[in-house]
Amino acid sequence: MAPAHCGRGAWPSRTTSSVRALRAPTVRMRRPGRVHELVRALRRAGGGCLQVRGGVCSDAARPKRPRTPCLRPRGLIGHPTPPQDTGIPWVFSSPALLCTPLPRAVSQPPRPCPPGRVPQAVSPQAPRGHRALSLPQVVSDFDLTLSKFSHGGKRCPSSYNILDNSKVVSKECRTQLTALFNHYYPIETDPQRPVEEKVPHMVEWWARVHKLLCGQRIPRLQIAEVVRESGTMLRGGYETFFDTLHRHNIPLFIFSAGVGDILEEVIRQRDVLHPNIHIVSNYMDFGGDGLLQGFKAPLIHIFNKNSSAGGSASYFQQLQGRTNILLLGDSLGDLSMADGVPGVQDILKVGFLNDQVEEHRERYLDSYDVVLESDETLDVVNGLLQHILCPGDREHAQGS
């Protein structure tokens, strides 16, 4: 995500208004047949019903939402068993979108299951794309993926924003950071520019931000206080997410273009910094006097989050055999985070589409398996993890 923005927890007026106009949380999939078993489990975990927009099922044709949780797709009653993965949308021959309005909190949290009870397959009928998640790992972005994008109609700070909105950064420096944002952010988000053209601008942006922050002589001892006063928030359900991965000994690799010291402190202060977590990010370099003097190499920006960044390749080599991946991101640059994993068999990509939704929806749907809009929780991800790690609870969910 971008290293700096304007104002305390604010965003330019255009985006602020769109944040305040957020709709109900929605899941979108272009090819739901690839993950139909996981989607069915998610529907049960969330207590909701799948809705189909477009294709052969119109709004008028859909039955009214039942009072009790529905265990079959709305509009598809009579088709309890999804078809095999054919590369076309679920049950339909026309390009329909499968949309799942989600509750903001899971009505009945999934039952915890014994650690280490990992299945050999998602299910006997699971499609080829995601059938063997027996030794998975999770690769995730942090800013605006694990942390919230907005709360109460206001933009939440990223790890860089936590610094530039704090008392350790002067007003003059904050003004300069805002000017950099106004210049570079349109380049980052311009859908007409190829990534290759954006990269040198991103390197220049991050380097200039780092230089400004180093000029502030930020004390190491104030990092914890800066985070406590920032108002940053992790997405709803974060405790379940972190604790589930820790309990099942599933590695969580956080690959962030933010500030490593800040995001690590955020996780620590939420009491979920477990030993299964490995972080690669832009870490501060403090001198003998405890003051910020630079940032450790390599510089990580939004478009080089891949095996070329130091630390990721050696980490993935240690996890040979864990060739099934759940990837979480909020930008198209996050799609390459797992490129260094050797011998990948299956990868399920979940994308949080936070900003400029209408402009970027088609590209996200073409790139991610599941796209989440206006969802400030990890309920979807937790539902998927529950299904992958505890398949025996599907019968419990069905009977409840």
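This is a predicted model: local features need pLDDT of at least 70, side-chain atom pairs count only at pLDDT 80 or more; totals for chains, interfaces and linings use all residues.
User: How are two packed helices described?

Analyst: Two packed helices are described by the angle between their axes and by the distance between those axes. In this structure, the axes of helix α4 (residues 171–189) and helix α5 (residues 195–214) come within 10 Å and cross at roughly 170°. Angles over 145 degrees count as roughly antiparallel, so α4 is roughly antiparallel to α5. The crossing of α4 past α5 is left-handed.

User: Which residues in α4 and α5 meet?

Analyst: An α-helix has 3.6 residues a turn, so residues three or four places apart point the same way. On the α4 side, the contact includes Cys 173, Gln 176, Leu 177, Leu 180, Phe 181 and Tyr 184. Their partners in α5 include Lys 198, His 201, Met 202, Trp 205, Arg 208 and Leu 212. By class, this contact of α4 with α5 has 12 nonpolar, three polar and four charged residues.

User: Which residues touch the most other members of the largest nonpolar core?

Analyst: That core has 87 residues, and Leu 213, Phe 241 and Phe 242 touch the most other members. Leu 213 also belongs to the α5 side of the helix contact. Setting aside neighbours within four places in sequence, Leu 213 is in contact with Tyr 160, Leu 163, Val 169, Leu 177, Ile 218, Leu 292 and Phe 295.

User: How many residues of helix α8 are buried?

Analyst: Seven of the 10 residues of α8 (residues 260–269) are buried, so this helix is largely enclosed by the rest of the structure. Among the buried residues are Ile 262, Leu 263, Val 266 and Ile 267, together with Asp 261 and Glu 265. The elements that the buried residues of α8 pack against include α3, α6, α7 and β7. Just after α8, Asp 271 takes a positive phi of about 60°.

Notes. Residues are numbered from 1 along each chain as its sequence is written. Side-chain values use heavy atoms; hydrogens and water are left out. Axes are lines fitted to C-alpha atoms, for helices over the stretch in contact, and angles run from 0 to 180 degrees between N-to-C directions. Helices (H or I, at least four residues) and strands (E, at least two) are DSSP runs, numbered from the N terminus. Angles under 35 degrees count as roughly parallel, over 145 as roughly antiparallel, 65 to 115 as roughly perpendicular and the rest as oblique. A crossing is left-handed if the near helix is turned anticlockwise from the far one by less than a right angle, and right-handed if clockwise. Contact means heavy atoms within 4.5 Å. Ala, Val, Leu, Ile, Met, Phe, Trp, Tyr, Cys and Pro count as nonpolar, Asp, Glu, Lys and Arg as charged, and the others, Gly among them, as polar. Buried means under 20% relative accessible area, exposed over 50%, partly exposed in between (1.4 Å probe, protein chains only). A nonpolar core is a set of buried Ala, Val, Leu, Ile, Met, Phe, Trp, Tyr and Cys residues joined through side-chain atoms within 4.5 Å.
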